[in-house]
Amino acid sequence: VLYPTAVRVAAWGRRRQRSNTAADPPFVSVIVASREPMDVIRARVRNIVHTTYPKERLEIVIGRDSGHERESLQEDLQATPLHIVPGDAPGGKAATLNAAVRAARGRILVFTDSYQEFFPETIGTLVSELESDSSLGAVSGTLDIQGGPWLVRTYWRYERWLRYWESVVHSSVGVTGAVYAMRRELWRPLPPGLLLDDLYTPMRLVLSGYRVGWSREARARDARQMSVREERKRKARTLTGVLQLCAW
């Protein structure tokens, strides 16, 4: 009770100054690291290209975790380049992200996962937030969880509220791995075996003097119906990753 109350009071009356964004939108690379079946990736690609962001200023890079197939995607991408690259050894999400970012050409990196969907304006909103504030190293979007246990959805709504007001005071602690963007020049390769890239990367940015923002307008949705057992597995992985970061 005390911490969120203190954050909200500290944020009272604060407004972040923003500069005008550049006339020419920057080139953006959307990064997906995945070991999911290709039909899942195909649906994710179709959703990404259904964006209001200029197609000629966008590319998609799919990193395939080592040991998983890399068949081509025959899609109408409306002139959006698509690259499928193998993940680095020894495998895992961190190694796959390293390979995907190495192949990316964008000045802005937008990260997402396999099963979520972007709203059409999400990419443009993330880019606009970053471009309008030079103190930001990364910006997280808002993930709407539409399925799963009621308590999980309720807690997630509280966490989104808290992260937003933290970013108003100074900086959010983490980002949502399914919808966030960062400046390419601030990327550093992830250590092998890392579990929580969406906590490690923003913490590193904050320790380097940058802020991590939170946008309510850059939205993604997850419509999966997660069982209690599946949610427990996800939380166990997350907490293991927190312990890993504390040890490091």
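Tutor: Two strands count as paired if DSSP finds at least two bridges between them. Please keep in mind that this is a predicted model.

Student: In which sense do strands S6 and S8 pair?

Tutor: Strand S6 covers residues 136-145 and strand S8 covers residues 211-222. Leu136 has Arg211 in S8 as its bridge partner. Eight bridges link S6 and S8, and the sense of the pairing is parallel.

Student: Which strands stand at the edges of the sheet?

Tutor: The open sheet is formed by eight strands in the order S3-S2-S1-S4-S7-S6-S8-S5, with mixed pairing. Each edge strand has a single partner, so one side of it is left without a neighbour in the sheet. The strands at the edges are S3 (82-86) and S5 (117-118).

Student: What angle does the direction of helix H2 make with that of S2?

Tutor: Helix H2, residues 38-49, packs on the sheet. Among the strands that H2 touches are S1 (28-34), S2 (58-64) and S4 (108-112). The direction of H2 makes with that of S2 an angle of about 165°.

Student: At what angle does helix H6 run to S7?

Tutor: Helix H6 comprises residues 197-207 and lies across S6, S7 (180-183) and S8. Its angle to S7 is about 40°.

Student: How many residues of S4 are buried?

Tutor: A residue counts as buried when its relative accessible area is under 20%. Ile108, Val110 and Thr112 point one way from S4, whereas Leu109 and Phe111 point the other way, and all are buried. S4 is therefore largely enclosed by the rest of the structure, the buried count being five of the five residues.

Student: Which residue of S7 stands opposite Ile108?

Tutor: With S1, S4 runs parallel over five bridges, and Ile31 stands opposite Phe111 in S4. With S7, S4 pairs in the antiparallel sense over four bridges. In S7, the residue opposite Ile108 is Arg183.

Student: How many residues of helix H4 are buried?

Tutor: Helix H4 spans residues 122-131 and is mostly covered. Its buried residues include Ile123, Leu126, Val127 and Leu130, as well as Glu129 and Glu131. Of the ten residues of H4, the number buried is eight.

Student: Which helix supplies the largest share of the lining of the largest pocket?

Tutor: The largest pocket holds about 1900 Å³ of space. Of its 49 lining residues, the closest to the centre are Asp113, Asp198, Arg234, Arg237 and Thr238. The lining divides into 20 nonpolar, eleven polar and 18 charged residues. The largest share, nine residues, comes from H7.

Student: Which element supplies the largest share of the lining of the second largest pocket?

Tutor: The second largest pocket holds about 350 Å³ of space. Among its 18 lining residues, Arg16, Arg18, Glu129, Tyr164 and Val168 are the closest to its centre, and the lining as a whole comprises six nonpolar, three polar and nine charged residues. The largest share, six residues, is supplied by S8.

Student: Is Cys246 buried or exposed?

Tutor: Cys246 lies in helix H7. A residue counts as exposed when its relative accessible area is over 50%. Because its relative accessibility is 64%, Cys246 counts as exposed.

Methods. Residues numbered from 1 in each chain as written. Predicted model: local features only at pLDDT ≥ 70, side-chain atom pairs only at ≥ 80, totals over all residues. Heavy atoms only, no water. Helix = DSSP H or I, 4+ residues; strand = E, 2+ residues; numbered from the N terminus. Contact = heavy atoms within 4.5 Å. Axes fitted to C-alpha atoms, helices over the stretch in contact; angles between N-to-C directions. 1 Å grid on protein atoms, 1.4 Å probe; cavity = no way out; pocket = protein on both sides within 12 Å on 5 of 7 lines; lining within 4 Å. Points joined across faces, edges and corners; volume = space filled by probe spheres on them. Nonpolar A, V, L, I, M, F, W, Y, C, P; charged D, E, K, R; others polar. Buried < 20%, exposed > 50% of the residue type's maximum accessible area, 1.4 Å probe, protein only.
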